[in-house]
Amino acid sequence: MGAKGQTYKGRWQDQWWAVGLLALVILVAVRVALNGWSAWPTALVGGVVYAGFLTWLLMRRRRRDAKAVGTEPARVPELERRIAKNGEMPDDPAEQEAMVRLIRRREEKLRRNQRWAFPLLGLIFLGVPFLGFATGNVSSGLMMLGFGVAFMGWMIWFNRRFVRRMAAMRQRIEGVGGCA
């Protein structure tokens, strides 16, 4: 958690500007790839707007998570990384409690959103290709369908892996009996 009076810097990848820059580069690259080099001014303006919005959403989520678990917003990405990698347990009891609260918060969000999130993603990624088929563009429909199946498979695998790792980390911290 860090000593009192010290602020935690974290990795540069966890900083708000790095998240915004990454979003900007990806969004501009995709728009230029789809629309050609002549569209770079509108791609840049749109990229700045979307990157700003995505960065704001991410930082808002970090602040809310930090407030709910009792830590600093800069510490949330490190705790998430430790959970996701099933890494080392924190030595500090206060940090262990913060990690357990973060795990419980994530588990609750997953439970709350599982009824609508995956069906909606399935409808989008597996239903949209049928619009391509309906318009007669079979190759585009097949390509979108292949991407949708691959993406949904990856999402299901990633979700199950993350849930298992959260449960394992919580069990390691709380002990076998779950006394904390």
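Helices in these legends are DSSP runs of H or I with at least four residues, numbered from the N terminus. The model shown is predicted.

Figure 1. Val-128 sits in the loop between helix 5 and helix 6, the latter spanning residues 129-134. The relative accessible area of Val-128 is 35%. Because buried means under 20% and exposed means over 50%, Val-128 counts as partly exposed.

**Figure 2. A nonpolar patch on the surface includes Val-128.** The patch is formed by Trp-116, Leu-120, Leu-123, Ile-124, Val-128 and Leu-131. Together these residues have about 590 Å² of accessible area. Helix 5, residues 117-127, gives the most to the patch, with three residues.

**Figure 3. Phe-125 and Phe-151 form an aromatic pair.** A search of the whole structure finds eight aromatic pairs. In one of them, the ring centres of Phe-125 and Phe-151 are 4.6 Å apart, and the angle between the planes is 45 degrees, which makes the pair tilted. Phe-125 belongs to helix 5 and Phe-151 to helix 7 (residues 138-174), so the pair ties together parts that are 26 residues apart in sequence.

**Figure 4. Phe-147 and Phe-151 form a stacked pair.** The centres of the two rings lie 5.9 Å apart and their planes are at 20 degrees, so the pair is stacked. Both residues lie in helix 7. Phe-147 and Phe-151 are four residues apart, about one turn of the helix.

**Figure 5. Six residues make up one aromatic cluster.** The members are Phe-125, Phe-147, Phe-151, Trp-154, Phe-158 and Phe-162. Phe-151 also takes part in the tilted pair with Phe-125 and in the stacked pair with Phe-147.

Figure 6. Along the sequence the pattern reads α-α-α-α-α-α-α. The C-alpha atoms fill a box of roughly 60 × 35 × 25 Å, taken along the principal axes. The radius of gyration is 20 Å, whereas a compact globule of 180 residues would have one near 16 Å. Of the 180 residues, 27% count as buried. The protein exposes about 11,900 Å², and carbon and sulfur atoms supply 66% of this area. Among contacts between residues at least 6 apart in sequence, 61% join residues at least 24 apart.

Technical notes: Residues are numbered from 1 along each chain as its sequence is written. This is a predicted model: local features need pLDDT of at least 70, side-chain atom pairs count only at pLDDT 80 or more; totals for chains, interfaces and linings use all residues. Side-chain values use heavy atoms; hydrogens and water are left out. Patches are made of residues with over 30% relative accessible area and no salt bridge: like charges are joined within 9 Å, nonpolar side chains (Val, Leu, Ile, Met, Phe, Trp, Tyr) within 5 Å. Accessible areas come from the Shrake-Rupley method with a 1.4 Å probe; for residues, only the protein chains shown count as cover. A salt bridge is a side-chain nitrogen of Lys or Arg within 4 Å of a carboxyl oxygen of Asp or Glu. Helices (H or I, at least four residues) and strands (E, at least two) are DSSP runs, numbered from the N terminus. Buried means under 20% relative accessible area, exposed over 50%, partly exposed in between (1.4 Å probe, protein chains only). The radius of gyration is taken over C-alpha atoms; the globule rule is 2.2 Å times the number of residues to the power 0.38. Contact means heavy atoms within 4.5 Å. Rings of Phe, Tyr and Trp (its six-membered ring) pair if their centres lie within 6.5 Å; planes under 30 degrees apart count as stacked, over 60 as edge-to-face and the rest as tilted.
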